[in-house]
Amino acid sequence: MPFEPLKNAGGSRRRLGDVANLNVLTSDNLHLSQVMEEATNQRLEASSVQLIAQELEEANSGSANEDKVADLLRNSLAMNTELAYESDLRHFRDWGGRLPASVDTICSYIASHAGALSVATIQRRIATLSKAHEAAGLVNPCRAQITKAALRGLKRKFGMAQRQAKPLLRDDLFVVLDRLGTTLRDQRDRALLLLGFAGGFRRSELVALEHADIETTRQGLIVTVRRSKTDQEGAGRRLGIPHGRTRHCPVAAVESWLVASGLDTGPLFRPITRHGYLAANALTGDAVSVLLRERMAAAGMNPEGYSGHSLRAGFATSAANAGVTAHRIRAQTGHASDAMLTRYIRHGNLFLDNAVGCLL
């Protein structure tokens, strides 16, 4: 369906046409015209169903088992999970592994990558191999005691500390926002950063928002998140974004973006070419990370260690610093349990009522 002409920051009307195909891309939309098409082609050419089926066929496991795996992957997996399975199975195959695998093969695979890959990555790949065997009705070498012992040894030797995105705290976010101007891209980025922070959104949730998901009320905005990492069946949830009490109001920022862009349907946050054209597609999660780091650098801040997740982490940490309860934080972020918030809350409380502050 063709899009209606949109207004740019200067008020002139421009047609979208085939903007997404123009070779005038900027850092926030490079992922759209090239990477997304390549990823789509890769998924069509080598889906996880095909990868597992290929391994089973080579092992003469029979079509019944292949059908079980295919049915599992078609009906039970979210897109990101399927992509992760594809990556894990391909890595195992490229290493020289085959399905079904023996216990010795699995333990050798663990030992070969110990120290080179993170413990979390190795664990995820072993979990994928475990699911593949069980879905096909095969003996599962990943559940063998020697495999479990190898994983315990891996964790003891290399530790389980995970690299986490640094939280972009409220005051630091305000420094970034203070450097933004009034161009169309500035207005988009202001709305994206403020809404991402205020909603505690995952970057995948943020870029999936559409115009129809935003409802304006007297109290602020009601945002509908139709699907998320913890809601793979698409039950959806609604959360409120109230009017801000500071100079940076997320409601005002979103409303200004909608007026400036002229959007009345489709993706809420889209790429903008250097000539001021809006693309028809939504931004990608990777583009959010690039955008955030570029805006931080422009504000004189070191962007190292920050990503699209920094908005979500920054909201949770800032809320914990302000004494907001875990229950109220979870109501905004949609975390399934307090356990997932613990890392943020602990970080936020490191300096609250700190014993050293009473002494020095």
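Student: What makes up the secondary structure of the protein chain?
Tutor: The chain comes to 15 helices and 5 strands. Both kinds of element are DSSP runs, numbered from the N terminus: helices are H or I with at least four residues, strands are E with at least two. This is a predicted model, where local features need pLDDT of at least 70, side-chain atom pairs count only at pLDDT 80 or more, and totals for chains, interfaces and linings use all residues. Residues are numbered from 1 along each chain as its sequence is written, and side-chain values use heavy atoms, with hydrogens and water left out.

Student: How much of the protein chain counts as buried?
Tutor: Of its 360 residues, 43% do. Buried means under 20% relative accessible area, exposed over 50%, and partly exposed in between, with a 1.4 Å probe and protein chains only.

Student: What makes β4 largely enclosed by the rest of the structure?
Tutor: Count its residues: 5 of the 6 are buried, so β4 is largely enclosed.

Student: How do you know which strands pair with β4?
Tutor: Two strands pair if DSSP finds at least two bridges between them. β3 and β4 (residues 220-225) have 3 bridges in the antiparallel sense, and 6 bridges join β4 to β5, also antiparallel. The 3 strands form an open sheet in the order β3-β4-β5.

Student: Why are β3 and β5 called edge strands?
Tutor: β3 (214-216) and β5 (237-242) each pair on one side only. From one strand to the next, the twist averages 25 degrees.

Student: Which residues stand opposite each other in that sheet?
Tutor: T216 is opposite L221 in β4, and L221 is also opposite I241 in β5. E215 has I222 in β4 as its bridge partner. The link from β3 to β4 is a hairpin through 3 residues.

Student: What lies across β3, β4 and β5?
Tutor: Helix α11 (residues 250-261) does, running at about 100 degrees to β5. Axes here are lines fitted to C-alpha atoms, for helices over the stretch in contact, and angles run from 0 to 180 degrees between N-to-C directions.

Student: Why is α9 called roughly perpendicular to α12?
Tutor: α9 and helix α12 (residues 285-298) pack at about 105 degrees, with axes 11 Å apart. Angles under 35 degrees count as roughly parallel, over 145 as roughly antiparallel, 65 to 115 as roughly perpendicular and the rest as oblique. The angle therefore makes α9 roughly perpendicular to α12.

Student: Which residues of α9 and α12 meet?
Tutor: R185, D186, R188, D189, L192 and L193 in α9 meet V288, L291, L292 and R295 in α12. Contact means heavy atoms within 4.5 Å. The residues divide into 5 nonpolar, no polar and 5 charged. For the classes, Ala, Val, Leu, Ile, Met, Phe, Trp, Tyr, Cys and Pro count as nonpolar, Asp, Glu, Lys and Arg as charged, and the others, Gly among them, as polar.

Student: What makes α8 and α9 roughly antiparallel to each other?
Tutor: The axes of helix α8 (residues 170-178) and α9 come within 11 Å and cross at roughly 170 degrees. The cut-off is over 145, so α8 and α9 are roughly antiparallel. R170, L173, V176 and L177 in α8 meet R190, L193, L194 and F197 in α9, and this contact divides into 6 nonpolar, no polar and 2 charged.

Student: Why is the pair of F197 and F315 called edge-to-face?
Tutor: Rings of Phe, Tyr and Trp (its six-membered ring) pair if their centres lie within 6.5 Å; planes under 30 degrees apart count as stacked, over 60 as edge-to-face and the rest as tilted. F197 and F315 have ring centres 5.9 Å apart and planes at 85 degrees, so the pair is edge-to-face. It links distant parts of the chain, with F197 in helix α9 (residues 184-198) and F315 in helix α13 (residues 309-321), 118 residues apart. Both F197 and F315 are buried.

Student: How many aromatic pairs does the structure hold?
Tutor: It holds 4. One of them is W95 with Y109, edge-to-face at 5.2 Å centre to centre and 70 degrees between the planes. W95 lies in helix α4 (residues 79-95) and Y109 in helix α5 (residues 103-113), so the pair ties together parts 14 residues apart in sequence. Ring pairs link F92, W95 and Y109 into a cluster.

Student: Is W95 buried or partly exposed?
Tutor: Partly exposed, as its relative accessible area is 31%. Y109, at 2%, is buried.
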